[in-house]
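Let's walk through this structure together, starting with the whole chain and then zooming in on a few side chains. Keep the model open as you read.

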Amino acid sequence: MRTIYLLGLCLCLGMAFQVDAADPVNPAEEIRRFDTNGDGNFDQWEIRVNGQLTRLEADLNHDTRVDYWLTYEQGKPRQAEFDTNGNGQVDQREIYNAQGGIQAVRTDRDGDGLLEQHVVYGPKQSVLRIETDENGDAKI
């Protein structure tokens, strides 16, 4: 992949960034990398296809490992995943409706790799129900 290095800071964003040019296999894809806290390490990545944001990845706790993934469809968030405890596994997943509002949150409460708690939200973002797999059989 060819890389274009942009020197200095992006004045409009107030952060250092780098744009990776399109890959010859997928020329419509572009990756933008950002150093949001100025520590010299990239901690946020935007993946764009034909100029439209399709995925955002971030290192929220600045330990140099990605711990947040957000997928977009038609410019709206569809699903976010978090590694909140730093073990390299997704332990929280948020699912968004077609308008970009929260629809459900699934959480691994005990660190076993299974998302055993499901919180389902209604049209006004109020909690409709909480479902839990109490015995670890992957069924609510």
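**A walk through the chain**

The chain exposes about 8,700 Å², and carbon and sulfur atoms supply 50% of that (accessible areas come from the Shrake-Rupley method with a 1.4 Å probe, and for residues only the protein chains shown count as cover). Before going further, note that this is a predicted model, where local features need pLDDT of at least 70, side-chain atom pairs count only at pLDDT 80 or more, and totals for chains, interfaces and linings use all residues. Residues are numbered from 1 along each chain as its sequence is written, and side-chain values use heavy atoms, with hydrogens and water left out.

What about secondary structure? The chain has zero helices and eleven strands; these are DSSP runs numbered from the N terminus, with helices being H or I of at least four residues and strands E of at least two. Of the 140 residues, 36% count as buried, meaning under 20% relative accessible area, while exposed is over 50% and partly exposed lies in between (1.4 Å probe, protein chains only). Contacts here are heavy atoms within 4.5 Å. Take the contacts between residues at least 6 apart in sequence: 6% of them join residues at least 24 apart.

Now look inside. The largest nonpolar core has eleven residues: L53, L56, A58, Y68, L70, Y72, A80, F82, Y96, I102 and V105. Strands β5 (52-58), β6 (68-73), β7 and β9 (102-107) each give two or more residues to this core. A nonpolar core is a set of buried Ala, Val, Leu, Ile, Met, Phe, Trp, Tyr and Cys residues joined through side-chain atoms within 4.5 Å. Click on A80, one of the core residues: leaving aside neighbours within four places in sequence, A80 touches Y68, W69, L70, Q92, R93, E94 and Y96.

On to the charges. Side chains of opposite charge can pair when their charged atoms come close. The structure holds seven salt bridges, each a side-chain nitrogen of Lys or Arg within 4 Å of a carboxyl oxygen of Asp or Glu. One of them joins E81 and R93, at 2.8 Å from N to O. That pair links distant parts of the chain, with E81 in strand β7 (residues 76-82) and R93 in strand β8 (residues 92-96), twelve residues apart. E81 is buried at 15% relative accessible area, whereas R93 is partly exposed at 23%.

R48 and E46 form another salt bridge, with their closest N and O atoms 3.0 Å apart, and both residues are buried. R32 and E30 also pair up, at 3.4 Å from N to O. Here R32 is partly exposed at 28% relative accessibility, and E30 is partly exposed at 23%.
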